[in-house]
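Welcome to a short tour of a protein model. Please take a moment to look over the sequence and the structure below, and then read on.

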Amino acid sequence: LWVEVPEHIDTALVMKQVVSYNVAYIPGHSFFANGGPTNTLRLNYSNASPEKITDGIKLLGKALKAVM
């Protein structure tokens, strides 16, 4: 799942906060050949239960809210 957040948020920096909640994602700039926008991320939830996905999205939202 591809996510774009407000332009002022650097998802590589926010990831440090998110990982402290035991949630992870890949910053989106990693998917561009010459770098890309720093306000994107990729979520992969193919190996998680619906409950873990729900909890993870809530925690990701909490981390993003903290930097907004």
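## A threonine in strand 3

T40 touches W2, V3, E4, T11, P27, G28, H29 and F32, leaving out residues up to four places away in sequence; contact here means heavy atoms within 4.5 Å. T40 belongs to strand 3, and with 2% relative accessibility it counts as buried. Buried stands for under 20% relative accessible area, exposed for over 50%, and partly exposed for anything in between, using a 1.4 Å probe and protein chains only. Helices (H or I, at least four residues) and strands (E, at least two) are DSSP runs, numbered from the N terminus.

This is a predicted model, in which local features need pLDDT of at least 70 and side-chain atom pairs count only at pLDDT 80 or more, while totals for chains, interfaces and linings use all residues. Residues are numbered from 1 along each chain as its sequence is written, and side-chain values use heavy atoms, with hydrogens and water left out.

In which order do the 3 strands of the open sheet lie? The order is 1-3-2, with antiparallel pairing. Strand 1 and strand 2 (26-27) are at the edges with a single partner strand each, so one side of each has no neighbour in the sheet. Two strands are said to pair if DSSP finds at least two bridges between them. In general, strands of a sheet pair through backbone hydrogen bonds, either parallel or antiparallel.

Strand 1 and strand 3 (residues 40-42) run antiparallel and are joined by 3 bridges. Across this pairing, E4 stands opposite T40.

Leaving out residues up to four places away in sequence, T11 touches V5, Y25, P27, G28, T38, N39, T40 and L41.

Helix 1 (residues 11-20) also holds V14, which is buried at a relative accessible area of 4%. Beyond residues up to four places away in sequence, V14 touches I9, Y25, A63, L64 and V67. V14 and A66 are 52 residues apart along the chain, and their C-alpha atoms are separated by 9.3 Å.

V14 is one of the 11 residues in the largest nonpolar core, together with V5, I9, V18, V23, Y25, L41, L43, L60, A63 and L64. Helix 1 and helix 2 (50-67) each supply at least two residues of this core, and helix 2 gives the largest share, 3 residues. A nonpolar core is a set of buried Ala, Val, Leu, Ile, Met, Phe, Trp, Tyr and Cys residues joined through side-chain atoms within 4.5 Å. L60 is in contact with V18, Y25 and L43, its neighbours within four places in sequence left aside.

## Out at the surface

W2, in strand 1 (residues 2-4), is partly exposed because its relative accessible area is 42%. With I26, F31 and F32, W2 forms a nonpolar surface patch whose accessible area is about 380 Å² together. Such a patch takes residues with over 30% relative accessible area and no salt bridge, with nonpolar side chains (Val, Leu, Ile, Met, Phe, Trp, Tyr) joined within 5 Å and like charges within 9 Å. A salt bridge is a side-chain nitrogen of Lys or Arg within 4 Å of a carboxyl oxygen of Asp or Glu. Accessible areas come from the Shrake-Rupley method with a 1.4 Å probe, and for residues only the protein chains shown count as cover.

N22 sits in the loop between helix 1 and strand 2 and is exposed, with a relative accessible area of 75%. N22 is not a glycine, yet it has a positive phi of about 65°.
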